[in-house]
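The following paragraphs are meant to be read with the sequence and the model side by side. They begin with the chain as a whole and then turn to individual residues.

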Amino acid sequence: QVQLVEFGGGLVQAGGSLKLSCVGSGRIFSINDMGWYRQAPRQQRELVAHITTGGGTNYADSAKGRFTISRDNAKNTVYLQMNNLKPEDTAVYYCYADMVLIPRGPTYGYWGQGTQVTVSS
């Protein structure tokens, strides 16, 4: 079964740091774009950061200068280093990946189950 599993959420004080990890497992041929999204209570899910296979990145304005997305293609893993966290960063964080399961096969989008990040003031 192909899935994405996130690690690293938790409770942190404002100004602190957390590093999220997301690992793809199962019969995966390749992973294309990957990203991190978040959803706060009563809010829509929003993009936080995105990274291409080649390492190109883009960030939400709220994340620029504080968050860094990276990936390890050999480990099917994407990371999100979050520094100088603010209470408004509190949300469930989800990873996303476009995955190809067989050679020359179609691309499917997968979501992780989410990990809670809570930033106290």
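The protein chain carries 11 positive and 8 negative side chains, and the centres of the two sets lie 4 Å apart; here Lys and Arg count as positive and Asp and Glu as negative, while His and the chain ends are not counted, and the place of a charge is taken as NZ of Lys, CZ of Arg, CG of Asp or CD of Glu. This is a predicted model, in which local features need pLDDT of at least 70 and side-chain atom pairs count only at pLDDT 80 or more, whereas totals for chains, interfaces and linings use all residues. Residues are numbered from 1 along each chain as its sequence is written, and side-chain values use heavy atoms, with hydrogens and water left out.

The secondary structure of the protein chain comes to 0 helices and 11 strands, where helices (H or I, at least four residues) and strands (E, at least two) are DSSP runs numbered from the N terminus. Read from the N terminus on, the order of elements is accordingly β-β-β-β-β-β-β-β-β-β-β. The C-alpha trace spans about 50 × 25 × 25 Å along its principal axes. For 121 residues a compact globule would have a radius of gyration near 14 Å, and the 14 Å of the protein chain agrees with this; the radius is taken over C-alpha atoms, and the globule rule is 2.2 Å times the number of residues to the power 0.38.

Of the 121 residues, 40% count as buried, a term that means under 20% relative accessible area, with exposed meaning over 50% and partly exposed in between (1.4 Å probe, protein chains only). The accessible surface of the protein chain comes to about 6,500 Å², and 48% of it belongs to carbon and sulfur atoms; such areas come from the Shrake-Rupley method with a 1.4 Å probe, and for residues only the protein chains shown count as cover. Among the contacts with a separation of 6 or more, 56% are accounted for by residues 24 or more positions apart, contact being defined as heavy atoms within 4.5 Å.

Which residues touch the most other members of the largest nonpolar core? In this core of 28 residues they are Trp36, Leu80, Met82 and Tyr93, a nonpolar core being a set of buried Ala, Val, Leu, Ile, Met, Phe, Trp, Tyr and Cys residues joined through side-chain atoms within 4.5 Å. Two or more residues are given to this core by each of strand E3 (18-25), strand E4 (30-39), strand E5 (46-51), strand E7 (67-72), strand E8 (77-82), strand E9 (91-100) and strand E11 (115-120). The largest share, 5 residues, comes from E9. Leaving aside neighbours within four places in sequence, methionine 82 is in contact with Gly16, Ser17, Leu18, Leu20, Arg66, Phe67, Tyr93 and Val117.

Serine 21 has its place in strand E3 and is buried, with a relative accessible area of 18%. Beyond its neighbours within four places in sequence, serine 21 is in contact with Val5, Glu6, Phe7, Trp36, Val78 and Tyr79. Glycine 24 also lies in strand E3 and is buried, with a relative accessible area of 8%. The contacts of glycine 24, again leaving aside neighbours within four places in sequence, are Gln3, Leu4 and Asn76, and its C-alpha atom is separated by 8.4 Å from that of alanine 97, 73 residues apart along the chain.

Asparagine 76, one of those contacts of glycine 24, has its place in the loop between E7 and E8. At 22% relative accessibility asparagine 76 counts as partly exposed, and it has a positive phi of about 50 degrees although it is not a glycine. A positive phi of about 50 degrees is found for asparagine 84 as well; this residue is in the loop between E8 and E9 and, at 42% relative accessibility, counts as partly exposed.

The loop between E5 and strand E6 (57-59) holds threonine 52, which at 27% relative accessibility counts as partly exposed. Apart from neighbours within four places in sequence, threonine 52 is in contact with Asp33 and Arg71, while its C-alpha lies 22 Å from that of glycine 8, 44 residues apart in sequence. Glycine 55 is placed in the loop between E5 and E6 and is partly exposed at 36% relative accessibility; its C-alpha atom and that of asparagine 73, 18 residues apart along the chain, are separated by 9.8 Å.
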